[in-house]
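Reader: Could you walk me through this one, pocket to loop? I'd like the cut-offs as we go.

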Amino acid sequence: MITEIAPAPEHVATEPAQARKKRRAWDEVPRWQIYLPLSVYLLFTLIPFYRILLFALRPAGSTSLVPWPMPFEHFQKVWTERSFGTYFANSVYVGLATLVLTTVVALAGGYALARFDFRVKRGFMLALLCSQFVPGALLLVPLFQIFAKLSMINSLGSVVIAETVFQLPQSMILISGFIRNVPYSLEEAAWVDGCNRLTAFRIVVLPLLRPGLIAVGSFAFVHAWNHFLFALMFLSDQSKQTIPVGLNTLMSADSVDLGALAAGGVIAAVPVVIVFAFIQKWLITGFGAGAVKG
């Protein structure tokens, strides 16, 4: 039996005196005690990235600590000779398709978890949580058999479906938390005005879920972009491979082209850095809203 969850009584949150006291104490901390540890941490974090850029930008055979001149020969090599242009396009397709499919399915499932109560809800939530402990390698054999019967081996669609299945449990739990933070009275007001449940959700609830959808979609995209295992197992044609598999082809048992490998790593990292640079405000807002109620 499915029943609708009654809205919780609204209350005005006030900042406790202890929290105000801690906040004042934090404001009195000298700035250098904050900036100095952060600077040291930033230094240790940026040094490996600088080394990658150094190998990618400086000419072959150079040992200079400053990448000058910058002929970009390694980028030209991996983009044309090593087919990284094709790998990049395949990764974009897999990432965007996984983002859309994961967000749509997680949105429907998260709404059901947030707004309805049914007999197996606790067991279903427990199964979603327990599925996060299952490594992706255990899914390879059953997924490979399913895709083989569907004639989807060596198809980008198989990787998209596998990535979506792997991302759905976490995404559904996150989306349900975001939906719980939307006041139930807003939907009720839309029903009184003549909207059905779907219309009320589209007009009232969906616009308020933008930070949560961006957070869930971005992590689905990044995971699909970086995931190596599914693309390696389900794609055998070189023209269908993604960037993580392409990076693996740059390493052999005899030698490793450090310049080409570093250039490929930069190509793989730049889109993710750009995405997070533009959506970081929405990520902070989304996870801050999702952390209030579970």
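Reader: What volume does the second largest pocket have?
Author: Bear in mind this is a predicted model, where local features need pLDDT of at least 70 and side-chain atom pairs 80 or more, while totals for chains, interfaces and linings use all residues. A pocket here is an open set of points on a 1 Å grid over the protein atoms alone, where a 1.4 Å probe fits, with protein on both sides within 12 Å along at least five of seven lines. Points are joined across faces, edges and corners, and a volume is the space filled by probe spheres set on them. For the second largest pocket that comes to about 330 Å³.

Reader: Which element gives the largest share of the lining of that pocket?
Author: Lining residues have an atom within 4 Å of a point, and among the 13 here, F49, I52, G265, V266 and A269 are closest to the centre. Two helices (DSSP runs of H or I, at least four residues, numbered from the N terminus) give two or more residues each: α2 and α13 (258-290). The largest share, eight residues, comes from α13.

Reader: Is S83 buried, partly exposed or exposed?
Author: Numbering starts at 1 along each chain as its sequence is written, and side-chain values use heavy atoms, leaving out hydrogens and water. S83 sits in the loop between α3 (73-81) and α4 (84-115), with a positive phi near 60° despite not being glycine. Its relative accessibility is 23%, and buried means under 20%, exposed over 50%, with partly exposed in between (1.4 Å probe, protein chains only). So S83 counts as partly exposed.
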